[in-house]
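Subject: Structure handover

Hello,

Here is the structure for your files.

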Amino acid sequence: MDLDFTPGEDTFRAEARAWLAAHVPATALPSLETAEGFAAHRDWERELSGARWSVVSWPEEYGGRGASILRWLVFEEEYYAANAPGRVSQNGINLLAPTLFEHGTDEQRARILPAMASGATIWAQAWSEPEAGSDLASLRSTATRADGGWLLNGQKTWSSRAAFADRAFGLFRSDPAADRPHRGLTYLMFALDAPGVTVRPIGRLDGKPAFAELFLDDVFVPDEDIIGAPGQGWRVAMSTAGNERGLTLRSPGRFLAAADRLTALWRERADPHDTALRDRVADAVIGARAYRLFTFTNASRLAEGGDIGAESSLNKVFWSELDIRLHETALDLLGSDGELADGDDGGGWAEGYVFSLAGPIYAGTNEIQRDIIAERLLGLPKGRR
Amino acid sequence: MRFLLDAEQTAFVRTLDQLLAAADTPAVVRAWSAGDHGPGRALWERLAGTGVFALAVPEEYDGLGPLPVELAAAFVELGRHAVPGPLAETIAVCALLRGLGDRGPAKEWLPRIASGEVLVTLAPAGSYALDADAADAVFHVVADGLALATGHGPVRASLDPARRLARPTGGEPLMSGPAVRDAVREAADWASFATAAQSLGTGLALVEQTVAYVKQRTQFGTAIGGFQAVKHQLANALLGLEFARPLLYGAAVALAGGSPGAGRDIAAAKVACGEAAYAAARTALQLHGAIGYTAEYDLSLWIGKATALRTAWGTPAECRARVLAG
């Protein structure tokens with residue numbers, strides 16, 4: 001048992017650190033949940049991909065470096081330590097790409113992945129519907145057979161990034177007669193500017209249009225934009241859901257960097273006699289370290305051919321709750337300045353706080369994750385939710 | 001990097017688990033709590049036979065260590081099975097004797113600790129010694145030095161009935177000076193580390209026993225383990241433990257590598273393991289209901305231990321302060 005990096009991994013870290021030090025914008029980009037910020041973040045994705053840092057774990061042919069999971073984790077640590085911009089393309093990179101690698105065709109990969117890596121195409125997710133949240137399999141939007149493809153109808157909602165993104169991916173009911181709700185679903189991709197698509201941005205808690213409603217009225221999708229076989233969408237999508245909760249959505253680097261910034265803020269601002277606040281800062285530092293080491297265990301397991309199943313639910317609950325506690329502690333350290341949500345004097349903590357509040361809700365609510373932990377890891381009986 | 005136990009370490013854990021599962025440890029604990037140390041000493045010798053204590057003793061003193069990763073894995077099992085006795089204190093005494101400049105005391109005690117022939121304990125400065133009434137040697141920290149007690153005060157009860165606490169008395173200082181001070185500090189770190197591992201195991205056992213209970217306990221015509229309110233409490237308990245575990249092994253790797261940050265890593269592991277085990281104890285108590293609040297029911301042995309270990313060898317507040325001490 002060890003925590004050693006190879007000389008090759010150390011060199012990779014040094015290379016990433018040097019590039020980031022030279023290229024990360026000196027002043028923070030505007031919020032990626034605004035039109036102006038979205039464009040600035042898209043430009044940043046292009047710059048990252050130009051130096052092949054946007055998707056390090058992908059094969060070289062699609063713009064990556066063929067990096068191992070461990071190298072990807074190293075890159076993420078350096079990325080967030082450098083205070084680099086948030087990743088506007090994360091829905092595509094973390095959710096759609098793993099699905100394409102597992103279930104897509106060579107043609108789809110060649111057509112879709114390079115444009116995703118460069119930020120030329122930015123993807124939104126289209127899972128939830130007004131009547132299908134945690135119970136995703138009850139979704140009602142339909143895909144009906146048409147000449148050379150499918151016609152989509154219905155409504156999707158809480159579609160992250162959809163206010164400004166180019167394309168979306170999601171599940172549609174293609175066989176209403178299927179015997180179980182999660183059968184008869186098909187995984188499809190479509191353009192957000194296609195005829196028949198209406199995008200209505202939704203302001204999140206702070207009013208920024210971080211997500212949107214999508215109204216679909218006979219939207220044509222060619223056959224080439226189905227992932228996996230028709231009717232197999234649930235199985236295809238669940239492989240993505242595992243990725244989202246598991247290793248890839250929120251890497252430890254993000255929380256290590258946030259805990260470091262929190263510690264610096266505490267040293268600068270805190271009353272040394274306030275041990276209650278000190279304990280909360282310590283817990284954030286300990287939590288970030290725990291998440292890093294937990295992830296190294298998972299990475300070691302994966303490197304030996306193991307897989308992460310229901311354990312990904314532990315992951316998701318842990319980081320999402322750590323993120324909120326960490327940001328709440330920062331706001332308390334900032335005192336009466338904590339509520340300042342614009343400018344630099346709040347250090348971006350307020351925006352990070354608002355973002356963190358969504359964590360226990362998206363990617364499968366934490367209630368659903370706790371059910372999975374209890375049923376699949378502890379072996380408790382399935383009950384009514 | 002390979003941050004997993006290897007096959008040999010896993011096999012060692014399995015051996016310990018099997019030995020302890022067959023040893024009826026609750027009966028051993030109850031005898032120990034009543035001052036009858038016979039069954040406990042017998043178990044102690046069998047544990048020594050597997051090499052548990054030799055893991056803290058260098059080869060030159062007939063040991064195998066120090067091997068912190070193996071120690072962590074072993075102490076998780078000792079905690080899971082609620083083994084009584086001065087476990088962390090033994091590891092601390094080994095660290096102390098390793099760290100003294102003088103080889104004399106090390107030669108005198110370490111081989112016999114490794115073999116299980118002697119039972120030793122250690123009291124921090126001005127504090128109680130665990131199981132002084134059972135130990136063959138009670139080391140205690142005095143002013144700048146280290147002494148071997150000649151007796152002990154009255155045995156005090158603990159929230160964990162298996163933990164019998166007494167103040168060491170008498171004894172001339174064996175040694176003093178800066179080397180002793182450093183060795184004492186080092187010993188406290190190892191005790192904290194071993195206590196963290198024991199806590200983690202205690203918490204894991206509490207979750208295991210509670211899962212078994214809620215699967216068979218029926219109310220309203222159904223197993224209570226199917227209720228979401230029950231499931232989520234157990235999921236939270238498991239979450240705490242599963243994220244404390246890598247901190248424990250991270251501290252073990254730091255100790256093995258002689259990392260200067262090992263003390264901070266141990267503090268992080270201690271507070272996480274201690275809090276997670278205590279949370280598991282609260283959950284176990286709540287989900288068992290009144291039977292869990294019953295001394296006669298064996299769950300109480302683990303609940304008491306999780307409570308007492310939380311503050312032993314580093315309170316949560318002390319550990320958190322150390323994590324930020326830089």
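Four salt bridges are found across the interface of chain B and chain A in this predicted model. One bridge between these chains pairs Asp265(B) with Arg289(A), and their closest N and O atoms are 3.3 Å apart. Counting polar contacts between chain B and chain A gives 15 residue pairs, with both residues at pLDDT 80 or more.

On the chain B side, four helices each supply at least two residues that touch chain A: helix 7 (178-216), helix 8 (228-256), helix 9 (262-288) and helix 11 (316-324). Helix 8 of chain B gives the most to that side, with 16 residues. Sorted by class, the side of chain B that touches chain A has 26 nonpolar, seven polar and six charged residues.

In total, 39 residues from chain B and 44 residues from chain A take part in the contact. The area buried between the two chains is about 3800 Å², and carbon and sulfur atoms give 70% of this. Met1(B), Phe243(B) and Leu324(B) supply 23% of the area that chain B buries against chain A, which is more than any other three residues.

Cysteines

How many disulfides does the structure hold over all chains? The number is zero. A disulfide is a covalent bond between the sulfur atoms of two cysteines. For Cys273(B), the closest cysteine sulfur is in Cys319(B), 10 Å away, and therefore too far for a bond. The cut-off for a disulfide is 2.5 Å between the sulfur atoms. Cys273(B) is also buried, at a relative accessible area of 0%. Cys94(B) is likewise buried, with a relative accessible area of 0%.

Backbone

- The peptide bond from Gly65(B) to Pro66(B) is cis, with omega near 0 degrees. Pro66(B) sits in the loop between helix 3 (38-50) and helix 4 (68-80) of chain B.
- Asp131(B) is not a glycine, yet has a positive phi of about 60 degrees. Its place is the loop between strand 2 (129-130) and strand 3 (137-142) of chain B. Asp131(B) counts as buried because its relative accessibility is 0%, under the 20% limit.
- Ala363(A), also not a glycine, has a positive phi of about 60 degrees. This residue is in the loop between helix 10 (349-357) and helix 11 (366-377) of chain A. With a relative accessibility of 15%, Ala363(A) counts as buried.

Salt bridges

Over all chains, the count comes to 45 salt bridges.

Arg65(A) forms a salt bridge with Glu15(A), and the closest N and O atoms are 3.3 Å apart. This pair links distant parts of the chain, 50 residues apart: Arg65(A) is in the loop between helix 2 (35-50) and helix 3 (69-81) of chain A, while Glu15(A) is in helix 1 (residues 7-23) of chain A. Glu15(A) counts as partly exposed, at 40% relative accessibility.

Where do Glu107(A) and Arg111(A) lie? Both are in helix 5 (residues 106-117) of chain A, four residues apart, or about one turn of the helix. In the salt bridge between Glu107(A) and Arg111(A), the closest N and O atoms are 2.6 Å apart. Glu107(A) is partly exposed, with a relative accessible area of 39%, and Arg111(A) counts as partly exposed at 32% relative accessibility.

In chain B, Glu275(B) forms a salt bridge with Arg310(B), the closest N and O atoms being 2.5 Å apart. This pair also links distant parts of its chain, since Glu275(B) is in helix 9 and Arg310(B) is in helix 10 (residues 299-311), 35 residues apart. Glu275(B) is partly exposed, with a relative accessible area of 22%, and Arg310(B) is partly exposed, at 25%.

In chain A, a network of salt bridges links Glu33(A), Arg161(A), Arg204(A), Asp206(A), Lys208(A) and Glu351(A).

Regards

Note on methods: Residues numbered from 1 in each chain as written. Chains lettered and ligands numbered in written order. Predicted model: local features only at pLDDT ≥ 70, side-chain atom pairs only at ≥ 80, totals over all residues. Heavy atoms only, no water. Contact = heavy atoms within 4.5 Å. Buried area = accessible area lost by both parts, 1.4 Å probe. Salt bridge = Lys/Arg side-chain N within 4 Å of Asp/Glu carboxyl O. Polar contact = N/O pair within 3.5 Å; in protein donor to acceptor, adjacent residues only side chain to side chain. Nonpolar A, V, L, I, M, F, W, Y, C, P; charged D, E, K, R; others polar. Buried < 20%, exposed > 50% of the residue type's maximum accessible area, 1.4 Å probe, protein only.
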